[in-house]
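Please look at the structure below, and then read the short report that follows it.

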Amino acid sequence: MSQRPTTAALVLAGGTGSRMGRNVPKQYIEIAGRPVLVHTLQHFEDSPLIDRIAVVANGSYHRTIKDMAHHYGIRKLVSVVESGDTRQHSSRNGMNLLGTDPPDIVFIHDAARPFLPAGLLHDLLEAALSSGAAASAVRSTDTAYISDGNGYIQSVPDRSFLYNAQTPQVFRYGIIRDAHVKALEEGICDATDDAVLVLRLGKAVRIVEGSYDNIKMTTPKDLDFAKRYLAGQ
Ligand code: CTP
Ligand code: MG
């Protein structure tokens, strides 16, 4: 069985959820009786493709997360590590932690995306094994404008080339580790996803078709979607 590469899921839960406007960060809000973070972790717990899970979070929540894992039977959770002031910093902290016993492959995922579609982890793993790096994304359904910065349209990119980025993003561990080191050396510190750091290394990132249901809980409207989505399951 363990012919396959070793894997770890790195779940980023270090944000404050400012756009959600609650007094608790959105990953801890309960939907359908469970915190968003638990819904997210459950996908990795249930997947035979994932060996272990690490969560990145603010230190004041570490005890809560360990208790949640115990309560909901998330047995693959092996570590909870301190977050940083940007997503990139949080991701780097997680990467450094995994570096003590590096997996072959790391799945980086937003805690705020609790609706991973079945099959996506498999498709991403295949793509990352053949290309070194893979990112889930959906085709853009809206036409996009590039503004001139003064309130006018400057250009309209061809929509057939446009995708909206999602997570998971999946990498050979050495590639994403090097990407984070290079970004820091070059003074890049607020990238909102990891694939862009790999591109800066000059390496290709495969696009894997994700799902429109795999939303990132960002504003209160997304909470309504989440409740309806789970009620309909
Ligand atoms: N994240 C993180 N560390 C940070 C910032 C974000 O681990 N310093 C995580 C969030 O917890 C989330 C994911 O990165 O799971 C995507 O970020 P985003 O949706 O922007 O979440 P928040 O930063 O929490 O929300 P907001 O930007 O509205 O404050
Ligand atoms: Mg944010």
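## About the model

This is a predicted model, in which local features need pLDDT of at least 70 and side-chain atom pairs count only at pLDDT 80 or more, while totals for chains, interfaces and linings use all residues. Residues are numbered from 1 along each chain as its sequence is written, and side-chain values use heavy atoms, with hydrogens and water left out.

## Around ligand 1

The shell of ligand 1 holds 19 residues, of which Gly-14, Gly-17, Ser-18, Ser-90 and Lys-216 come nearest; a residue is near if one of its heavy atoms lies within 4 Å. The shell divides into four nonpolar, nine polar and six charged residues, where Asp, Glu, Lys and Arg count as charged and Gly is among the polar ones.

For Ala-112, a backbone N or O atom lies 3.3 Å from an oxygen atom of ligand 1.

## Helix 1

How many of the eleven residues of helix 1 are buried? Nine of them are, and the helix, which spans residues 36–46, is therefore mostly covered, with buried meaning under 20% relative accessible area (1.4 Å probe, protein chains only). Among these buried residues are Val-36, His-39, Phe-44 and Glu-45.

Notes
Chains are lettered from A and ligands numbered from 1 in the order in which they are written. A polar contact is a pair of N or O atoms within 3.5 Å; within protein, one must be able to donate a hydrogen and the other to accept it, and residues adjacent in sequence count only if both atoms are side-chain atoms. Buried means under 20% relative accessible area, exposed over 50%, partly exposed in between (1.4 Å probe, protein chains only). Helices (H or I, at least four residues) and strands (E, at least two) are DSSP runs, numbered from the N terminus.
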